[in-house]
Amino acid sequence: MAHLQESAVKQIKEIVERYKNETTPLMMILEDIQKEYGYIPLEVQELVSDLTGIPVSEIYGVVTFYSFFSLTPKGKYVIGVCLGTACYVKGSQLVLDKFGELLHIQPGETSEDGLFTLDVLRCVGACAIAPAVTINGKVYPQVKVDGVAKIISDIKAQEAAQ
Amino acid sequence: MALVNIKIDGQAFQVEEGLTILEAAKKCGFNIPSLCAFNHGKCSLASCRVCLVEVKGARGLCASCVYPVSEGMEITISSQKATEARRASVELILSNHEKNCLQCPKNGHCELLKVAEMVGARDQKYVGDMTKATVDELAPGLIRNTAKCILCGRCIERCKEAQGISILGFENRGFETIVAPIQNRSFAESPCLQCGQCVNVCPTGALMEHSEIDKVDAAFKAGKYVIVQTAPAVRSAIAEEFGEKIGTPGTGKMVAALHRLGFYRVFDTNFGADLTIMEEAHELLERITKKTAPLPQITSCSPGWINYLEYFYPEVIPHVSTCKSPHMMMGAIIKTYFAKLHNIDPKDIFNVSIMPCTAKKYERSRSQMPNDIDAVLTTRELAKLIKRAGINWQRLPEEEFDNDLLGEYTGAGVIFGVTGGVMEAALRTAYYWLTGKEFEKIEFHEVRGLEAVKEADINVEGTIVKVAVTSGMKNAKPLLDAVKAGKSPYAFIEIMCCPGGCINGGGQPYVHPTLLPNEDDDILDTYRAKRASVLYKEDEKQVIRQSHNNEDIKRLYKEFLGKPGSELAEELLHTSYDAHRERFPKK
């Protein structure tokens, strides 16, 4: 655990401390860490294990069970393509494939420049505007395959401008 | 215990409150097939759905392994609905199971195969995708094949319960779920002790020892002097492999079988155990009288424990005896002293150890002692050799170990195989050396038994020496925390990795009640004591019961080693430990 920054160790200790009176604190601890850092690497799981006495294997099991938790850092822009029934019928698989093709990543992966992560979602409750895509929480309605390139280039332009 | 009235398939019974339906049914004479359940439901996750029964008034079918009986409960086991559901559960498990049963190393001991027979599973009932498999053969002690795993979770529970380290866990979800060390790592790339407790509870061939039978075959083929030694605990259980009841001594027949298998010499690791006692008792006295190293001294015979030490308590290393374990000492002496007196080139000797242990396979591959032992077979692997050779166990005569330089052994060596045994054996010799007198009370009953931690005060002519004995790393942890904090009150601690000691080692015959119809219902609670009694009885029978009175040991020191702790003894019989083992090395 040597390469965890001191400030991170301190903060994770604080997070664990928050839930010390809970009988089953693991989910809450992991949720806070995920929100704070965007991912939960093995080193952090070992630290949580040391602090709580919960075996690493159990923590790892929880992290890999819930898709909300991530083992690797997410990109600055997290693209979620809905593959729920309505979106799928409206062709969202093709939209997902297009994002993957243009960003050179598979679903679940992050682009080399750290800008984009591509995720699969299962219904975001917006079936009326299918196929739906979310980027950092913002919903893009009725996305078409040939509109994908523009979404990416708009974000890249926005980044370049900053 | 309060009783409740229940009905099973229309018959009325009174059973203890608090039992699960599965347990209650067994007591009433019913056999509900089950897989994930074992150990009184303590480890049962109700994950396999094989033990489904109907309970009147309940929603749907109930998993009997976790459902407690209650007053007035009406249970149906034999209805069409229940039998079909149990059959479907097993067929679904089989649909995602590698079915090369004929060549599977678990052939003959597989609970899944037994349960498939019990429920009448049909061929190819559900066919489809299989979960992507991982086969881990990197660790010297254990192999893991997820294609045979039924996700019952027994191994996860056992690792946690026995060793407190939870190496194995469930990973991913749904169809991708596997049981693995984190990141689906090899056992060799995680802080696994390779003790094999998980292997002992696995109902299928998903977790097995890493077999070295091929290496032994190759050595015979190459015309080597193949010399075999057997650990004390092997004789306490080997007979079980041939249908004998648990607790049947197998020493004489085992030796006879080894002779028939063509080994050049058949030795008893007990000689090595006696040698270990000489060195370890000497080391203890040095620590006490000359303060050469800190007290308490901790035993070093159990390689699973040594793994735990290096991974989790490297600060405690100075307390641990530098003695190699008995079979490694024996190996070193065979390739030097024995080879010299027989004029054999040590390169032509192939040392095989029959051990109740999977971690010994790892131990022999340690860089600190590379050439002492060439292959380690478990008790189960020895049984395979015997069966393969067409030897009829029941017809074997009783034979003696070879009495050739390293032949004689004492009762002290025999009890190494059970928790408390090393301590008891060492005390017999240390007491003699401290006082010049034999300890009158040879048997130290305080350190016998299967409790988590046992303590004793030994009165050495007015001075009280405190000792402790433990087994299972979960039990050892508090003792080690005290040692680390400098607060341990003891002078000498015995630690064995497997709960109960080597008699319950990860290489011992399986105790799967489903496959042992002739054993009592409580066999999981009694098998360790039954095996231990085999060793204690053998100790009682020995004329010489102290290691320092072994004539062959005396001669070995006189003619070769000099005295305990001599330079040559240090070189051949002692080892060192690694304080920098990474738990999860970067992949």
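**View 1. The surroundings of F263(B).** Setting aside neighbours within four places in sequence, F263(B) is in contact (heavy atoms within 4.5 Å) with V216(B), F220(B), V226(B), V228(B), L258(B) and V352(B). A word before we go on: this is a predicted model, where local features need pLDDT of at least 70, side-chain atom pairs count only at pLDDT 80 or more, and totals for chains, interfaces and linings use all residues. Residues are numbered from 1 along each chain as its sequence is written, chains are lettered from A in the order in which they are written, and side-chain values use heavy atoms, leaving out hydrogens and water.

**View 2. The largest nonpolar core.** Here 47 residues come together, and F263(B), V352(B) and L382(B) have the most contacts inside this core. Such a core is a set of buried (under 20% relative accessible area, 1.4 Å probe, protein chains only) Ala, Val, Leu, Ile, Met, Phe, Trp, Tyr and Cys residues joined through side-chain atoms within 4.5 Å. Helix α8(B) (helices are DSSP runs of H or I, at least four residues) gives the largest share, five residues.

**View 3. Where chain B meets chain A.** On chain B, 14 residues are in contact with 14 residues of chain A. Two salt bridges (a side-chain nitrogen of Lys or Arg within 4 Å of a carboxyl oxygen of Asp or Glu) are counted between the chains. In one of them, the side chains of E43(A) and K586(B) meet at 3.3 Å, N to O.

Methods. Buried means under 20% relative accessible area, exposed over 50%, partly exposed in between (1.4 Å probe, protein chains only). Helices (H or I, at least four residues) and strands (E, at least two) are DSSP runs, numbered from the N terminus.
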